[in-house]
Amino acid sequence: MIIVKPYETKNVKAAVGIWNEVVRAGIAFPQEEELDEITGDEFLKAQSFTGLAVDEASGEILALYILHPNNVGRCSHISNASYAVRADLRGRHIGEIIVKHCIEKARELGFRILQFNAVVASNIHARNLYQRLGFIELGKIPGGFRMKDGTFEDIVPQYISLT
């Protein structure tokens, strides 16, 4: 069984390892710099919530997500999140577990909307998941994401109401 639990410093190595896989691939996260254990711990603790998907039997960390305000002040009721599933475990619906947990956690923290600013158009698996869960696509921003190879890909911002 997979459970989602809050991030703790003792999990930094595994969490940063999963995060950096996505950064290195260069096809989903806007970050270009990898995290080390110090910067990773600071980054993961700075979020409104960082959740870890854990195999309950083995204690192995399978995935993580970060949740935080999308903006400040009058827009701070809108949240944003990023998700990372260990590369060797993708396709097993772990992403769905963490996205659903994130939606509930965002509600619990008082956010009214969960918005994704930069879903890469070719990330069909994520887009299909978000559609199944009720997210609304807001159109396309042509060339909004620079891929690792230097080409530009459209992004598809989307949101779901949490109220």
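This is a predicted model: local features need pLDDT of at least 70, side-chain atom pairs count only at pLDDT 80 or more; totals for chains, interfaces and linings use all residues.
Close-up 1. The face of α4 turned away from its buried side carries H125 and R132, which are exposed (over 50% relative accessible area with a 1.4 Å probe, protein chains only; buried means under 20%, and partly exposed lies in between). Within this helix, which runs over residues 124–132, the buried residues are A126, R127, L129 and Y130. These cover an arc of only 160° around the axis, taken from the directions from the helix axis to the C-beta atoms, and therefore lie on the same side of α4. Just after α4, G134 takes a positive phi of about 100°. Residues are numbered from 1 along each chain as its sequence is written, local features need pLDDT of at least 70, and side-chain atom pairs count only at pLDDT 80 or more, whereas totals for chains, interfaces and linings use all residues. Side-chain values use heavy atoms, with hydrogens and water left out.

**Close-up 2. The ring pair of F116 and Y130.** The ring centres of F116 and Y130 are 4.7 Å apart and the planes stand at 45°, so the pair is tilted (centres within 6.5 Å; planes under 30 degrees apart count as stacked, over 60 as edge-to-face and the rest as tilted). F116 belongs to strand β5 and Y130 to helix α4, 14 residues apart. F116 is buried with a relative accessible area of 3%, and Y130 is buried with 8%.

**Close-up 3. The charged end of K105 over the ring of F49.** K105 is one of the buried residues of α3.

Technical notes:
Helices (H or I, at least four residues) and strands (E, at least two) are DSSP runs, numbered from the N terminus. Rings of Phe, Tyr and Trp (its six-membered ring) pair if their centres lie within 6.5 Å; planes under 30 degrees apart count as stacked, over 60 as edge-to-face and the rest as tilted. A charge sits over a ring if NZ of Lys or CZ of Arg is within 6 Å of the ring centre and within 35 degrees of the ring normal.
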